[in-house]
Structures are given as C-alpha cells and as structure tokens.
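Student: I would like to learn how to read the packing of helices in a model like this one. Could you take me through it step by step?

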Amino acid sequence: MPGIISTAPGKTILFGEHSVVYGKPAIAVPVNEKKAKVKIIPDIIAPKDSIQFIASQIDLNQNYHQLEDHHPLKVAVDEVKKFLNILNYPSCKIFLETTIPISSGLGSSAAISVALIKGLLNFVGFQSTPDIISKLAFQVEIEFHGNPSGIDNTVIAFNKTILFQKDRPIEIITPGATFSILIADSGIKGNTKTAVAEVREKWTENPAQYNNYFEEMGNIAIDAKAMIESGNFQTLGKLMNANQEYLRKIGVSHTSIENLIDVAIQNGAYGAKLCGGGLGGNIVVLINENSANRMTNLLLSSGAIEVIYLRLGAGEN
Ligand code: PMV
C-alpha cells in the first residue's frame, strides 16, 4: 500500500454567511492560495488499527485510540470506516499540516476534514467523489461548529465557486469576467461557533425581524450570482456593501473589521464585507485589478496582518 498525499483549499464566503444557516442561498469561493495537506504512510510494524496522527503545528502526536470520542480527527476516521463498512482501518501514520490560518473565516477546519477524508479513502484505494467527501466532512463539521450549514465542506470538496443552499443541489458559478479580490486578515481571531450561537439567540428573541434580514441577505446572494456571471464589478461591489450592512445589524462585525472596510471603501474599492463567522477574522474586498498592490499596502498599514490576492474567474476558480 503506497503512501499518499491529499490536499484541500481554504475558502471564503462572498455572500450570505449566517443567513445560509437559516436555509438562504450563499456564494462561496475556494482559496487555493492556502491549503491543508495530509500525508498518509503505511505503518506495517504497528499493531492492528493503529492510526498515529502527527500535527507538529499544534504539537499533536496521538493515536486514534487515545483521542476522545468526539475529537474531529477520530470522527473523520469513524465516518470513513462506517462508509466503507470496515471495522479496522489499515495501520498508518498521518501527518497533517495547513497554511490556512485558524479561526479567521477561511474554512481551516473543513479543509483539514476534506483533505483527511479524501486521503483516508484514497489510501485504501477507494475512488471518491467530491459529493461523498463533502457528506462525510459535514459530519466532522458538526463536531467543530455544532450547527453548520454545510457550505464550507461543500465549496472545499468541490473546489469550485458555488451558490449553496441547504438541501438543494449546488450550483456552480462561472464568472463572466476576472474579478480581483483581496482577503485581508484583521488579526482578531473570530469565533464561528459563538457568532452562530449569538445570532440564533437574537433570532429566537425576534424571529420576524431576523427572518426579514435573512431573506434580504439571501436575495442579495441571488442578485450577486447574476452580477458575477455577467461580470458587473460596480453592482457586485454595492451588493457586498449591502450584505455587510445586514451583517452589522445581526451583530457579527467588529471594530477591526469596520476599520479595514472603511480604508478599502475610502480608497476606491467597489465593495467590502466581512467573510465567515465574523466577530473578527477576514474581510473580502472587491477591487480594480490595477489597484491590487496599492490596496494591499494600505490594508497592511491599517492593521491587516496578511492580505491574499484572489483572482476569481478566467478559469482559475
Ligand atoms: O467562519 P467560517 O469560515 O467557518 O464560516 C462560517 C459561515 C457561517 O455561515 C457563519 C456558518 C455556517 O455554518 O454556514
């Protein structure tokens, strides 16, 4: 049994985070500039069913059997075993690493799950599909986030720009132009689980108002899909700003996010908004291609700790 390497990209949400949890459509894009990587090598001298996880970035060196039942890595292995209908998985060592910053809205947990599940299936010779990988990774996402919409595991497993809506087939979006997007990290760690729980609490207290917000955010995502397909930068930027207004209203923005958005808009961006769970994390900024360097430097000198340049379209995503 040869060793294998499996990777998965990060992701960003262009439209519809949070409202997607309530069944509304959202748009997500893979970020191949950042990746999770899993290497699996056979361990022929280890006892049966021994899976040693090694993730030096987080000082983890533990066997499958030592992990608590709900540990996401254990859940990933259990989901694969259940799917393949096997009791024991071949003994192996699994090395995990990632360049995706954690807790920043770039899908770090889902990328690890997707890379791991793809690797585990591949290692035993199973020809997997994005759909199978996504479904299994969703079970792991539940351990990380409690009540995930499924958008992260889907966009990462398919590695395509998608319109995602719970319980509906995904729609792959083909951009009608090349869009230049900057993803700027505020340096403040977001917390998706907390953000989703807080929004749920407010929704429970005021369902009519929040349902209305979510409906509007879903409508923005649908309009945005058409603007991506027709290559309309100006209107897409305005839709990002409109989406951010609702994210503010539902209370998931943060001063560090607002500062970076102000800098972007005041310096000519078409639009900007937070991406992912919020309460920190990253923003996405739609820019004119020619201003990429200037805007990157401005964001870095205004507190962003990293800026990624993403070109959406032109067959790249
Ligand atoms: O923070 P992230 O990258 O995990 O994105 C979360 C997106 C939410 O809509 C807030 C939650 C979800 O499950 O869709």
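**Reading helix packing**

Tutor: Helix 5 and helix 6 are oblique to each other, a class that takes the angles left over once those under 35 degrees are called roughly parallel, over 145 roughly antiparallel and 65 to 115 roughly perpendicular. This is a predicted model, in which local features need pLDDT of at least 70, side-chain atom pairs count only at pLDDT 80 or more, and totals for chains, interfaces and linings use all residues. Residues are numbered from 1 along each chain as its sequence is written, and side-chain values use heavy atoms, with hydrogens and water left out.

Student: What describes two packed helices?

Tutor: The angle between their axes and the distance between the axes describe them. Here the axes of helix 5 (residues 192-205) and helix 6 come within 5 Å and cross at roughly 125 degrees; axes are lines fitted to C-alpha atoms, for helices over the stretch in contact, and angles run from 0 to 180 degrees between N-to-C directions. The contact (heavy atoms within 4.5 Å) includes Trp 203 of helix 5 and Tyr 210 of helix 6.

Student: How far does helix 6 reach from its first C-alpha to its last?

Tutor: Helix 6 (residues 207-230) reaches 35 Å, close to the 34 Å expected at 1.5 Å a residue, and just after helix 6, Gly 231 takes a positive phi of about 75 degrees.

Technical notes: Helices (H or I, at least four residues) and strands (E, at least two) are DSSP runs, numbered from the N terminus. The expected span of a helix is 1.5 Å times one less than its number of residues.
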